[in-house]
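Hi,

Here is the model I promised to pass on. Have a look at it first, and my notes on what turned up follow below.

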Number of protein chains: 2
Amino acid sequence: MSDALKDAPSGGPDISHVTLKNGLEIVVIPDHRTPVVTHMVWYRNGSADDPIGKSGIAHFLEHLMFKGTEKHRQGEFSDVVTALGGQENAFTSVDYTAYYQRVAREHLKTMMEFEADRMTGLVLTDEIVDPERDVVIEERRMRTDTDPAAELGEALAATLFTHHPYGKPIIGYMHEIEGLKREDALNYYRRFYTPENAILVVAGDVSKDEVVRLADETYGKIAARGEKPVRLRPREPDPRSTRRVTLADPKVEQPSLQLAWLAPSYTTATKGEAEALEVLVQLIGASGTGRLHRKLVMDEAVAVAAGAWYQSTAVDRSRLLVYGVPRPGVTLEALEDRILAVLDDMAKHPVEAGELRRAKTRLVADAIYAQDSQSSLARMYGSALATGSTVDDVKTWPEAIETVDAEAVQKAAQTCLNRHRMVTGYLMKDEAA
Amino acid sequence: MSDALKDAPSGGPDISHVTLKNGLEIVVIPDHRTPVVTHMVWYRNGSADDPIGKSGIAHFLEHLMFKGTEKHRQGEFSDVVTALGGQENAFTSVDYTAYYQRVAREHLKTMMEFEADRMTGLVLTDEIVDPERDVVIEERRMRTDTDPAAELGEALAATLFTHHPYGKPIIGYMHEIEGLKREDALNYYRRFYTPENAILVVAGDVSKDEVVRLADETYGKIAARGEKPVRLRPREPDPRSTRRVTLADPKVEQPSLQLAWLAPSYTTATKGEAEALEVLVQLIGASGTGRLHRKLVMDEAVAVAAGAWYQSTAVDRSRLLVYGVPRPGVTLEALEDRILAVLDDMAKHPVEAGELRRAKTRLVADAIYAQDSQSSLARMYGSALATGSTVDDVKTWPEAIETVDAEAVQKAAQTCLNRHRMVTGYLMKDEAA
């Protein structure tokens with residue numbers, strides 16, 4: 001939960017969580033250091049909610065949300081943000097789609113008016129949709145289809161998640177993006193863009209009462225849809241095999257290696273399980289201090305980089321990745337062996353008290369430092385709530401990390417990092433081509 | 001199309017294909033050798049049409065179709081077939097579900113009455129559905145979950161088809177079978193069991209006019225639904241990587257190896273492409289005479305068995321598999337190398353005329369011999385029509401095979417058997433366990 005669930009430092013923000021009558025949840029995070037606000041709306045739908053054959057629709061709709069409404073012409077919202085000296089952006093993940101603006105505090109209501117307006121007022125014509133589809137097609141071509149590492153990442157995800165939609169690319173498969181129509185975007189919009197499915201997160205130089213009053217005057221006018229939209233999420237079956245995905249391409253300059261496992265998320269884990277994985281990943285993968293770096297980059301000099309990543313904030317069973325970049329002359333097989341030796345050691349021997357203490361301190365400290373950024377703070381709460389955690393889960397996270405002991409870490413390594421259930425990804429230079 | 005599309009030998013059956021007013025298609029295959037009929041109903045839906053999270057429902061419904069209707073108590077249909085000295089069965093595939101009976105010719109109308117009755121009259125209660133679900137759960141446990149080869153097959157399919165539902169097991173994932181409810185079965189039944197979605201195939205000692213008259217008196221009374229049900233079939237993206245699936249289990253006595261590729265089916269192929277693959281598979285994989293057998297089992301003695309299989313009869317892009325079982329002392333890697341050498345040779349050099357001639361003769365002869373069995377004959381037409389081919393495609397199939405030349409075979413090998421797009425499956429004994 002390194003970028004998601006963190007506590008306020010003592011004396012830190014007094015966070016409120018209320019729900020409007022139409023079902024819109026509101027999280028207010030007072031932050032009076034500067035007279036600005038971060039205004040975010042999170043929708044509980046992402047690429048894993050794309051209907052069959054319509055992969056990419058969540059992301060495509062994110063683009064289309066900037067195309068204007070019945071009240072405001074295309075680009076007007078962005079122009080206003082710019083004119084007010086603000087910043088804006090949006091992003092789509094597997095589980096959520098979010099929109100945010102950062103403006104001076106007195107413009108909060110204006111942001112709310114625009115954002116509430118586009119929750120229901122979006123207007124799409126083929127003249128708007130068709131060229132934007134070309135933009136997304138070009139985005140996919142640039143970011144994925146000409147980048148062997150991205151292509152391998154896509155194949156690796158599809159192999160790890162054979163049934164659950166986390167295996168689909170967020171941007172969508174090219175042949176399905178090409179077929180996305182105006183009506184697909186509107187159907188998806190009508191299904192998911194409702195007050196019951198949204199979370200408003202406001203961080204900044206504001207009070208709870210002020211935010212709730214303004215939200216009620218803007219978002220509060222949107223009629224409730226009646227019920228939350230349903231997410232159709234088939235469960236990934238337990239894997240029974242080892243899988244290796246190899247991509248060889250002449251464009252590859254630097255071979256690399258990934259090891260991936262299914263792993264419980266905070267939402268699916270039993271108590272303490274995700275926290276133990278978080279500490280485990282910190283122990284093995286922390287930049288500069290983790291065991292993979294110390295043993296393989298420093299001591300053995302078989303890698304130029306090595307680390308780990310755990311997608312802890314997710315609605316469903318998620319993933320844990322370990323990666324390594326070999327030194328010239330070291331094969332991927334040899335590096336994989338050395339990585340597995342480091343992981344096996346974690347499973348075989350309990351971690352020593354000092355090393356565990358330092359890892360937990362770093363993990364919590366990183367989270368607290370990230371709160372320096374108002375937008376990180378807002379994202380932390382937004383992503384947690386959008387994936388099924390609570391404000392309280394976020395606030396008590398440091399204590400939960402504190403309770404992780406050596407036994408829990410060892411058990412997490414034994415349970416999760418099973419090489420009989422592992423998916424490896426090899427990125428290689430195609431010398432023949 | 002080895003078990004599916006074959007021509008009648010000259011002077012053979014004069015096959016009719018008509019459609020009733022309610023949309024039911026009828027194929028009549030006169031076969032006057034014995035006074036029996038094979039009566040089959042094919043529905044154009046299989047496991048690849050299982051809704052998200054409901055894998056196994058097509059197969060489960062096949063079981064439930066024997067549970068009685070408003071008119072006939074559970075088991076009555078089967079009892080009548082037995083009392084008449086007949087046989088019956090049913091099967092579910094990725095693309096279709098079929099029910100058949102073989103009885104003396106005078107009982108054809110009785111079969112039609114029962115089968116037409118259960119097209120719309122199925123009655124399901126929880127008391128019927130719940131124990132039958134346990135039967136299916138036990139079937140899965142026996143056939144898949146305790147058989148490492150079956151488990152590997154499932155993992156291999158899921159890796160080959162990451163997006164298209166051919167990657168799902170026909171019987172369903174255990175955790176989803178466990179959740180299948182009476183209402184799921186009825187929803188699926190109402191969606192797909194309609195005259196517009198069915199094909200009646202009658203082979204035997206009957207005339208077209210008689211069959212059509214009887215069908216009209218029975219099936220003809222079923223009201224049309226108004227339109228054919230829609231199949232939601234996302235297209236599998238073109239693979240960009242090599243994937244290997246390894247399953248090691250202490251129960252494995254005999255290691256084995258599979259190589260799998262996506263391959264066009266008769267329905268998706270360009271003209272001649274599937275026929276060339278059919279001939280290619282015959283050349284490399286035919287039992288006792290194919291190159292894999294001759295080179296690897298006979299000459300090099302590295303395998304105890306080796307062959308190939310092509311699922312040519314399918315609605316969507318399908319699969320081609322090559323397999324090998326190593327001799328003791330030969331590793332799977334070594335056997336894979338030797339298999340790839342045989343395949344590379346097919347891609348590099350055109351096949352010699354005599355070898356090609358013999359392969360095509362065997363292929364067509366096998367198809368003609370299979371017509372000796374009335375039920376094979378009926379299945380051939382049923383599976384073809386249920387996956388998008390026509391009666392004419394089946395009848396002209398031998399001529400289409402005749403046109404395959406050495407160049408087409410070589411091109412098929414080059415295009416399909418690309419090792420950069422290959423999925424391999426390794427079944428190994430887990431010595432450590």
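A quick definition before anything else: two residues are in contact when they have heavy atoms within 4.5 Å of each other. On that basis, 100% of the interface residues of chain A are also interface residues in chain B, so the copies meet through the same surface.

Some housekeeping. This is a predicted model, in which local features need pLDDT of at least 70 and side-chain atom pairs count only at pLDDT 80 or more, while totals for chains, interfaces and linings use all residues. Residues are numbered from 1 along each chain as its sequence is written, chains are lettered from A and ligands numbered from 1 in the order in which they are written, and side-chain values use heavy atoms, with hydrogens and water left out.

On confidence: pLDDT is the predictor's confidence in each residue, from 0 to 100. Chain A averages 95, with 97% of its residues at 70 or more, and the model scores ipTM 0.88 and pTM 0.92. The stretch to watch is residues 1–12 of chain A, where pLDDT stays under 50. Where pLDDT is low, the predicted coordinates should not be read in detail.

Now the symmetry. Chain A goes onto chain B by a rotation of 180° with 0.0 Å of shift along the axis, at an RMSD of 0.0 Å (least squares on the C-alpha atoms of residues with pLDDT of at least 70 in both copies). That is the relation of a two-fold axis. The residue of chain A that comes closest to this axis is A:R244, its C-alpha at 2.5 Å.

As for the interface, 28 residues of chain A touch 28 of chain B. The two chains bury about 2500 Å² between them, 57% of it on carbon and sulfur atoms (accessible area lost on being put together, 1.4 Å probe, summed over both parts). In chain A, the most area is lost by A:I52, A:H175 and A:R240, together 24% of what that side buries.

There are four salt bridges between the chains (a side-chain nitrogen of Lys or Arg within 4 Å of a carboxyl oxygen of Asp or Glu). One to look at is A:E151 with B:R240, closest N and O atoms 2.6 Å apart. From chain A, α5 (148–160), α6 (174–177) and β7 (242–249) each supply at least two residues of the side that touches chain B (DSSP runs numbered from the N terminus: helices H or I, at least four residues; strands E, at least two). The largest share, seven residues, comes from β7(A).

Cheers
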